[in-house]
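Open the model in your viewer and keep the sequence panel beside it. The tour below goes from one selection to the next and says what is found at each stop.

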Amino acid sequence: RDYPPYSRGLINQRLIEDHPELRNAPLYRIKLDISADRSRIDASETVLVQDPGTPLDFVLLPNIALNTLSVGTVTVDGVAAGSHLSDDGIRLSTPLPGGLAREGAVSVSIPYTIRLPRSTAVGFGGLESTEDAISLGYFYPVIPAAGTWTYGKPAPYGDLTANPVSFYLVQISYPAQLELVAPGNLLSTSEESGRRTSLVAFGPARDLLLMLGRGLHTTSRSVGAVDLRTVLPAAAQPSGDAVLETAVYAFRLFERLFGEYPYRSLTFVEARFDAYG
């Protein structure tokens with residue numbers, strides 16, 4: 001575990017050192033390869049979990065839309081785990097070799113593919129491709145907070161899951177005409193043969209959303225040590241200015257009510273969230 005890439009994105013860079021329990025948080029390493037026609041994502045996820053007390057469940061939220069995410073052979077510490085799907089493809093149950101409980105860190109690897117849905121009038125919304133943008137919400141198998149999932153298919157309102165605080169290291173390859181918008185720290189970006197590859201570190205956090213788009217315009221405003229940003233298509237800039245003004249007011253109110261915001265930046269993007277948004 002290498003924490004400096006994450007702590008650089010925090011207001012208090014000693015946050016992780018000051019809260020040693022965070023060192024037991026799940027660590028996701030994810031690779032995404034978006035096809036040139038933006039219809040498919042070939043992906044893999046390896047998550048390091050400390051002391052799982054029971055077999056692990058992963059929630060596959062893209063499968064709210066049927067047949068969106070397909071899983072290959074799941075391994076635990078390099079050994080095929082004999083996992084199985086249930087709840088209409090929402091729940092991926094992963095037994096632990098050697099019994100129900102394990103002490104020490106366990107590494108679970110999941111190869112998977114996503115059929116990236118095209119924008120429709122009503123749909124999942126959080127994960128889709130439009131003419132000028134890609135919204136990557138719920139794009140990875142996620143461990144629920146309790147470690148197991150007994151709720152079936154989530155209801156189409158409110159938060160879909162409660163996730164444990166985690167760390168995320170994501171490598172994403174995508175068509176070079178798109179720009180990546182991501183939270184946390186952009187560690188590197190390279191370009192070759194019409195494709196870009198970026199590496200992003202984010203955490204501690206309970207979830208992760210990535211956006212890609214064309215012709216994006218950024219407006220920012222500092223509130224104390226935090227950089228508030230809107231990243232929108234240029235045609236939406238008047239709306240972006242209004243969003244930023246509202247965000248500044250809301251941000252100050254939230255800090256008074258809930259305490260200091262932990263990250264150095266907060267970015268607002270435009271996405272079509274309707275059903276399950």
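Start by selecting Asn185, which counts as buried at 17% relative accessibility; buried means under 20% relative accessible area, exposed over 50%, and partly exposed in between, with a 1.4 Å probe and protein chains only. Before going further, note that this is a predicted model, in which local features need pLDDT of at least 70 and side-chain atom pairs count only at pLDDT 80 or more, while totals for chains, interfaces and linings use all residues. Residues are numbered from 1 along each chain as its sequence is written, and side-chain values use heavy atoms, with hydrogens and water left out.

**Stop 1: around Asn185**

Asn185 belongs to strand S14 (residues 185-192). Helices (H or I, at least four residues) and strands (E, at least two) are DSSP runs, numbered from the N terminus. Now show what surrounds Asn185: leaving aside neighbours within four places in sequence, its contacts are Pro5, Tyr6, Arg8, Gly9, Leu199, Val200 and Ala201. Contact here means heavy atoms within 4.5 Å.

**Stop 2**

Select Arg38, in the loop between strand S1 (27-34) and strand S2 (40-50). Arg38 has a positive phi of about 60 degrees although it is not a glycine. Arg38 is buried, at a relative accessible area of 11%.

Next go to Asp88, in the loop between strand S7 (84-86) and strand S8 (91-94). Its phi is also positive, near 60 degrees, and Asp88 is not a glycine either. Is Asp88 buried or exposed? Asp88 counts as exposed, at 61% relative accessibility.

Then select Gly203 and Pro204, which are joined by a cis peptide bond with omega at about 0 degrees. Pro204 lies in strand S15.

**Stop 3: strand S12 and its partners**

Select strand S12 (residues 166-175), where eight of the ten residues are buried. Two strands pair if DSSP finds at least two bridges between them. S12 runs parallel to S1, joined by seven bridges, and Asp33 has Ser173 in S12 as its bridge partner. With S15, S12 pairs in the antiparallel sense over nine bridges; there, Tyr168 stands opposite Phe202 of S15.

**Stop 4: two open sheets**

Strands of a sheet pair through backbone hydrogen bonds, either parallel or antiparallel. Colour the four strands of the open sheet with the order S10-S11-S16-S13, where the pairing is antiparallel. Strand S10 (127-129) and strand S13 (179-181) are at the edges with a single partner strand each, so one side of each has no neighbour in the sheet. The twist from one strand to the next averages 15 degrees; axes are lines fitted to C-alpha atoms, for helices over the stretch in contact, and angles run from 0 to 180 degrees between N-to-C directions. Three bridges join S13 to S16, and Glu179 stands opposite Gly213 in S16.

Now colour the open sheet of three strands, in the order S17-S18-S19, whose pairing is mixed. Its edges are strand S17 (216-223) and S19, each with a single partner strand, so one side of each is left without a neighbour in the sheet. Neighbouring strands of this sheet are turned by 20 degrees against each other on average, direction ignored. S18 and S19 run parallel, with five bridges between them; Val231 has Val269 in S19 as its bridge partner.

**Stop 5: the largest pocket**

A pocket is found on a 1 Å grid over the protein atoms alone: it is an open set of points where a 1.4 Å probe fits, with protein on both sides within 12 Å along at least five of seven lines, and lining residues have an atom within 4 Å of a point. Grid points are joined across faces, edges and corners, and the volume is the space filled by probe spheres set on the points.

The largest pocket has a volume of about 890 Å³. Select Pro183, Phe202, Asp207, Leu209 and Leu266, the closest to its centre of the 32 residues that line this pocket. Which element gives the most to the lining of the largest pocket? S19 does, with five residues.
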